[in-house]
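Hi there,

Here is the structure I promised to pass on to you. Please have a look at it, and then read my notes below.

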Amino acid sequence: MKKWIDAGMKTTGLIPLESAGGSCGVQLADEGHIRYTTVHLTEECNLACTYCFGQGHMSGGQMSRQKAVDFARWFAGQARSGSYAVAFFGGEPFLSFSLMRLIIDTIEEHRKPGTYFSFSATSNGTLIRDSHLETLERNRISVMLSTDGDQETHDRFRVDKRGRGSFADFLKGYEHLRKVQPKVTARLTFTPETVGDLVRNHEALLLKGTSKN
Ligand code: SF4
């Protein structure tokens, strides 16, 4: 697998970010030309959701600052014209907010005339504070929140490392985010145990004023 990844990196000029604790996924628009990339800033998370896809797989590592700069220079450099997008992912990307800022600033510094970059992040919402808002607004970072729906369902599965429900912190983050992103988008997670409550949980999201997803 590693041999295959390394060979692919060499062919496309990609940087093997996996070795830094973070990683990046890419979508080829045409040969050697990439418009959309997902950047895993960190494999660390402040929550311990019972169904987490990363349980037992995530190292807890964080992308190094050097790898973040290398990635940003490369992504801006390979752009030709038109629109490009970076999606920040984790773990919880707000644990690595300074890296997010570093990548955005470096892309801005190196981008060519006629190329445009947009940014998004998927977050559990619990760490979003007023101190993040200026950066989110200035760079028009579109944040998508993850939730399970109403408080009862959310707190059952989306717990912190001491097993406490995270709904109250999620709601605080959501209220902060609304100040700069009035239409907050949320992604609803459902499991075999909660699929029967899908309508109720979906309505709980709409009551909060989120866009459905
Ligand atoms: S917020 Fe996401 S990454 Fe963090 S524990 Fe929950 S599912 Fe896993």
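Let me start with R140, which is exposed because it has 12 other C-beta atoms within 10 Å. The cut-offs here are 20 or more other C-beta atoms within 10 Å for buried, 12 or fewer for exposed, and partly exposed in between, with C-beta atoms placed from the backbone. R140 sits in the loop between helix 4 (130-138) and strand 5, and its phi is near 45°, a positive value in a residue other than glycine.

Before going further, please note that this is a predicted model: local features need pLDDT of at least 70, side-chain atom pairs count only at pLDDT 80 or more, and totals for chains, interfaces and linings use all residues. Residues are numbered from 1 along each chain as its sequence is written. Helices (H or I, at least four residues) and strands (E, at least two) are DSSP runs, numbered from the N terminus.

The backbone has another feature to look at: a cis peptide bond, with omega about 15°, joins G90 and G91. G91 belongs to the loop between strand 3 (82-89) and helix 3 (97-110). Most peptide bonds are trans, and most residues other than glycine have a negative phi.

G90 and G91 also turn up around the ligand, in a set that includes C45, C49, C52, E92, N124 and S146. To count as near, a residue needs its C-beta atom, placed from the backbone, within 6 Å of the molecule.

Next, helix 6 (residues 167-178): its buried residues are F167, F170, G173, Y174 and L177. They lie on the same side of helix 6, because they cover an arc of only 120° around the axis; the arc is that of the directions from the helix axis to the C-beta atoms. These buried residues pack against strand 5 (142-147) and helix 5 (151-157).

Leaving aside residues up to four places away in sequence, L177 touches I128, V143 and V184, where contact means C-beta atoms, placed from the backbone, within 7 Å. L177 and L136 are 41 residues apart in sequence, yet 8.8 Å apart in space, C-alpha to C-alpha.

Finally, L99 in helix 3 is buried too, with 24 C-beta neighbours inside 10 Å. L99 touches L41, M63, R65 and A68, again not counting residues up to four places away in sequence.

Best wishes

Note on methods:
Two residues are in contact if their C-beta atoms, placed from the backbone, lie within 7 Å.
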